[in-house]
Amino acid sequence: MQTFEIIKKVTADDLDSLNHVNNVRYVQWVQDIAEKHWVHRASETVLNNHFWVVLSHHIQYKQPAVLNDTVTIKTYVMNSEGVTSTRMVEFYKNDILLAKSETKWCFMNKTNLKPTRISETIKNLFE
């Protein structure tokens, strides 16, 4: 299973009223890293013909992140079958798990805007 990661430095805009990273920001970071991973691995032809939509998010929060923390965000695709794929995203500060997300995505065709079976070629992008 191939992983992809990015680093985020927590800014004041990321915080909620408790001065922790806001849960909405975690959802945005899940979206951001999934998109970056997809764009990084997929060919221009694939990108021009397909896209993903979220079916569900499940996030478990373990520890808070606060202003100026450096958060390592790691992602990998756990499985893909039919038209759906399950992506994991983990958030770490100094190797301590802060949160993890399991998101189910649906693979879509840009021409007809309908779900499309995930081919072996697409699966192989993330193994």
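A: Aspartate 14 is a buried residue, because its relative accessible area is 7%, and buried means under 20% relative accessible area, exposed over 50% and partly exposed in between, with a 1.4 Å probe and protein chains only. This is a predicted model, in which local features need pLDDT of at least 70 and side-chain atom pairs count only at pLDDT 80 or more, while totals for chains, interfaces and linings use all residues. Residues are numbered from 1 along each chain as its sequence is written, and side-chain values use heavy atoms, with hydrogens and water left out.

Q: Where is aspartate 14 found?
A: Aspartate 14 is in the loop between β1 and α1. Helices (H or I, at least four residues) and strands (E, at least two) are DSSP runs, numbered from the N terminus.

Q: Which residues does aspartate 14 touch?
A: Leaving out residues up to four places away in sequence, aspartate 14 touches Lys9, His20, Val21, Asn22, Arg25 and Trp29; contact means heavy atoms within 4.5 Å. A polar atom of the aspartate 14 side chain also lies 2.8 Å from the backbone nitrogen of threonine 11.

Q: What do the side chains of arginine 25 and aspartate 14 form?
A: They meet in a salt bridge, at 2.6 Å from N to O. The term requires a side-chain nitrogen of Lys or Arg within 4 Å of a carboxyl oxygen of Asp or Glu. Because arginine 25 lies in helix α1 and aspartate 14 in the loop between β1 and α1, the pair ties together parts that are eleven residues apart in sequence. Arginine 25 counts as partly exposed because its relative accessibility is 25%.

Q: How many salt bridges does the structure hold?
A: It holds three salt bridges. One of them joins aspartate 69 and lysine 93, whose closest N and O atoms are 3.3 Å apart. Aspartate 69 lies in the loop between β2 (50–61) and β3, and lysine 93 in strand β4, so this pair ties together parts that are 24 residues apart in sequence. Aspartate 69 counts as buried at 12% relative accessibility, whereas lysine 93, at 22%, counts as partly exposed.

Q: And lysine 123, what does its side chain meet in a salt bridge?
A: The side chain of glutamate 120, at 3.4 Å from N to O. Both lysine 123 and glutamate 120 lie in helix α3 (residues 120–124), three residues apart, which is about one turn of the helix.

Q: Back to α1. What should its 19 residues span?
A: Helix α1 (residues 23–41) should span 27 Å at 1.5 Å a residue, and its end C-alpha atoms are 27 Å apart, so the two agree. The expected span is 1.5 Å times one less than the number of residues.

Q: What caps the N-terminal end of α1?
A: Asparagine 22 does, through a side-chain oxygen that lies 2.8 Å from the backbone nitrogen of valine 24.

Q: Which residues in α1 are buried?
A: Tyr26, Trp29, Val30, Asp32, Ile33, Ala34, His37 and Trp38 are buried.

Q: Changing topic: which members of the largest nonpolar core touch the most others?
A: Of its 17 residues, these are Val10, Tyr26, Trp29, Ala65, Val71, Ile73 and Phe91. Such a core is a set of buried Ala, Val, Leu, Ile, Met, Phe, Trp, Tyr and Cys residues joined through side-chain atoms within 4.5 Å. Two or more residues come from each of β1 (4–9), α1, β3 (70–81), β4 (84–93) and β5 (96–109). The largest share, four residues, comes from α1. Another core, of twelve residues, lies apart from it, with Val46, Val77, Phe107 and Ile122 among its members.

Q: How many aromatic pairs are there?
A: The structure holds eight aromatic pairs. Rings of Phe, Tyr and Trp (its six-membered ring) pair if their centres lie within 6.5 Å; planes under 30 degrees apart count as stacked, over 60 as edge-to-face and the rest as tilted. Tryptophan 38 and tryptophan 52 form an edge-to-face pair, 5.7 Å centre to centre with 90 degrees between the planes. Tryptophan 38 is in helix α1 and tryptophan 52 in strand β2, 14 residues apart.

Q: How is the pair of tryptophan 38 and phenylalanine 126 arranged?
A: That pair is stacked, 6.3 Å centre to centre with 25 degrees between the planes. Tryptophan 38 lies in helix α1 and phenylalanine 126 in the segment after α3, so the pair ties together parts that are 88 residues apart in sequence. Phenylalanine 126 is buried, with a relative accessible area of 6%.

How values were computed: Polar contact = N/O pair within 3.5 Å; in protein donor to acceptor, adjacent residues only side chain to side chain.
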